[in-house]
Amino acid sequence: MSETFELTIDGTKIQAAPGQTILQAADGAGIYIPRLCAHKDLLPFGACRVCTVMVNGRPQAACTTPAARGMIVDNETADLRKHRASLIEMLFIEGNHFCMFCEKSGNCELQALAYRFGILAPRYPYQFPHRDVDASHSEVLVDRNRCILCARCVRASRDLDGKHVFDFVGRGAHKRIWVNAEARLADTNLEGADRAVEICPVGAILRKGVGYKVPIGQRLYDIQPIGSDIESKRQAAAPGR
């Protein structure tokens, strides 16, 4: 096995293995870097830029940038918090996110990040775009109002499910998620058990019939803030524990 090497994140020296990204090395050391498009079971994509860090003074996406020996990384700075909060706010205003009605509330990563960053309401004007809902499938609902274009479903369908159910169409402000059928999700080979369904970080893709099985107040991010699972590794390794 190749030897590990050392880099520094926010003044703390951590170990990384060859081939790891900054995000992976930070996760292993119990340092949480916010993210939305990144997922441990998917290849890096670099779409959301919420994981932006300063590497030797330059902004880089932590999910796609390889860790390197002697690298100096800043993750928790006032400027980065402002940058990340702005990105999160823009994701809210560019879609139609009504958390009080959403089945994903309490399990939604976008909502949980907003809470972590103390965002109660975006500072920017809402755009209220017109977007479609596809409820044609017997097991799965697609609500494009909540889609944040993270491409998790696209990558999971292709790389984990061995299918190609989802992809993007359009460009710029008109870009949206679509399916490999003329119009309806029901005409695809998607199944309710597919990873592409459960890997969505928001309420854009939902399994039918299970949305409120876990009551509000008992859901994942109702119990602990997003990132707590990663930060607990660092706390467990602290001296005296």
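Helix 2 and helix 3 lie oblique to each other. This relationship is read from a predicted model. Two packed helices are described by the angle between their axes and the distance between the axes. Here the axes of helix 2 (residues 78-94) and helix 3 (residues 109-116) cross at roughly 140 degrees and come within 10 Å. Angles over 145 degrees would count as roughly antiparallel, and those from 65 to 115 as roughly perpendicular; the pair is therefore classed as oblique. The crossing of helix 2 past helix 3 is left-handed.

The side of helix 2 that takes part in this contact includes R81, I88, L91 and F92. Their counterparts in helix 3 are L110, Q111, L113, A114 and R116. Sorted by class, the contact between the two helices comprises six nonpolar residues, one polar residue and two charged residues.

At the level of the whole protein, the chain is divided into domain 1, spanning 5-76, and domain 2, spanning 84-223. The centres of domain 1 and domain 2, taken over C-alpha atoms, are separated by 25 Å. Domain 1 contributes 21 residues to the contact, and domain 2 contributes 20 residues.

The area buried between domain 1 and domain 2 amounts to about 1600 Å². Carbon and sulfur atoms give 62% of that area. On the domain 1 side, L36, L42 and V50 supply 39% of the area that domain 1 buries against domain 2, more than any other three residues.

Terms used. Residues numbered from 1 in each chain as written. Predicted model: local features only at pLDDT ≥ 70, side-chain atom pairs only at ≥ 80, totals over all residues. Heavy atoms only, no water. Axes fitted to C-alpha atoms, helices over the stretch in contact; angles between N-to-C directions. Helix = DSSP H or I, 4+ residues; strand = E, 2+ residues; numbered from the N terminus. Parallel < 35°, antiparallel > 145°, perpendicular 65-115°, else oblique. Left-handed = near helix turned anticlockwise from the far one by under 90°. Contact = heavy atoms within 4.5 Å. Nonpolar A, V, L, I, M, F, W, Y, C, P; charged D, E, K, R; others polar. Domains from an automatic or database assignment. Buried area = accessible area lost by both parts, 1.4 Å probe.
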